[in-house]
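Reader: Hi! I have a model open on my screen and would like to talk through some of its side chains. Can you help me read it?

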Amino acid sequence: MGLKLKKIIFLISLLIFYIKPSLAEITFLEILENPSDIEINLKYAKEQEALGRYKATITTLERLNMLYPVNTDLKLYLISILLKLDSESKLQLMIETMLQDPNTTDETREYIEGILKNIRQKSKPKGKWFAY
């Protein structure tokens with residue numbers, strides 16, 4: 001009886017593992033059917049981020065940024081992903097673009113300045129001792 005129960009539990013967990021992600025995941029085909037749908041694209045980006053597929057997340061957010069250039073939330077989400085990846089050149093370009101954008105609110109500018117301050121603090125060389 002114990003062996004049958006273990007087999008049943010194993011099969012159920014296997015089914016849950018393979019079926020559950022396929023039910024929740026948005027396919028790229030859905031995005032191709034309606035590429036300007038911000039809701040589907042954001043769900044896709046979040047799913048890709050959760051799966052560790054940051055290139056797909058960045059690509060999606062960059063495409064949305066082109067479609068919705070005044071949406072600062074998209075830009076801030078993209079900045080957060082670029083920070084995770086330590087993508088300095090893209091991050092710098094994104095920050096400069098946002099700071100020059102007249103649609104960027106004062107609150108968002110302060111938030112970006114806080115990000116820059118944290119980056120500068122982390123990049124400062126630490127006073128470490130070393131031997132000659």
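Reader: Let's start with Glu-62: is it buried, partly exposed or exposed?

Author: Glu-62 counts as partly exposed, because its relative accessibility is 30%. Buried means under 20% relative accessible area, exposed means over 50%, and partly exposed is in between (1.4 Å probe, protein chains only). Before we go on, this is a predicted model: local features need pLDDT of at least 70, side-chain atom pairs count only at pLDDT 80 or more, and totals for chains, interfaces and linings use all residues. Residues are numbered from 1 along each chain as its sequence is written, and side-chain values use heavy atoms, with hydrogens and water left out.

Reader: Thanks! Which residue forms a salt bridge with Glu-62?

Author: That is Lys-90, with the closest N and O atoms 3.3 Å apart. A salt bridge here is a side-chain nitrogen of Lys or Arg within 4 Å of a carboxyl oxygen of Asp or Glu. Glu-62 lies in helix H4 and Lys-90 in helix H6 (residues 88-100), so the pair ties together parts that are 28 residues apart in sequence. Helices are DSSP runs (H or I, at least four residues), numbered from the N terminus. Lys-90 is partly exposed too, at 38% relative accessible area.

Reader: How many salt bridges does a search of the whole structure find?

Author: It finds 4 salt bridges. Among them, Glu-49 and Lys-84 meet through their side chains at 2.4 Å, N to O. This pair links distant parts of the chain, with Glu-49 in helix H3 and Lys-84 in helix H5, 35 residues apart. Glu-49 counts as buried, at 17% relative accessibility.

Reader: Nice. What about Lys-75, buried or exposed?

Author: Buried, with a relative accessible area of 4%. The side chain of Lys-75 meets that of Asp-101 in a salt bridge of 3.2 Å, N to O. Lys-75 sits in helix H5 and Asp-101 in the loop between H6 and helix H7 (106-123), 26 residues apart. Asp-101 is buried as well.

Reader: Which backbone oxygen does the Lys-75 side chain reach?

Author: The one of Pro-69, at 2.7 Å. Leaving aside neighbours within four places in sequence, Lys-75 is in contact (heavy atoms within 4.5 Å) with Asn-65, Pro-69, Met-94, Met-98 and Asp-101.

Reader: And where is Val-70?

Author: Val-70 is in the loop between helix H4 (54-67) and helix H5 (72-85). Val-70 is exposed, with a relative accessible area of 54%. The C-alpha atoms of Val-70 and Asp-101 are separated by 8.6 Å, although the two are 31 residues apart along the chain.

Reader: Switching topic: how many aromatic pairs does a search of the whole structure find?

Author: It finds 1. Phe-28 and Tyr-44 make a tilted pair, 6.1 Å centre to centre with 50° between the planes. Rings of Phe, Tyr and Trp (its six-membered ring) pair if their centres lie within 6.5 Å; planes under 30 degrees apart count as stacked, over 60 as edge-to-face and the rest as tilted. Phe-28 is in helix H2 and Tyr-44 in helix H3 (residues 38-50), 16 residues apart.

Reader: Is Tyr-44 buried or exposed?

Author: Tyr-44 counts as buried, at 10% relative accessibility, whereas Phe-28 is partly exposed at 42%.

Reader: Last one: which residues make the nonpolar surface patch?

Author: Phe-28, Leu-29 and Leu-32 make it, and it covers about 320 Å². Leu-29 belongs to helix H2 (residues 28-33) and is exposed, with a relative accessible area of 54%. Patches are made of residues with over 30% relative accessible area and no salt bridge: like charges are joined within 9 Å, nonpolar side chains (Val, Leu, Ile, Met, Phe, Trp, Tyr) within 5 Å. Accessible areas come from the Shrake-Rupley method with a 1.4 Å probe, and for residues only the protein chains shown count as cover.

Methods:
Helices (H or I, at least four residues) and strands (E, at least two) are DSSP runs, numbered from the N terminus. A polar contact is a pair of N or O atoms within 3.5 Å; within protein, one must be able to donate a hydrogen and the other to accept it, and residues adjacent in sequence count only if both atoms are side-chain atoms.
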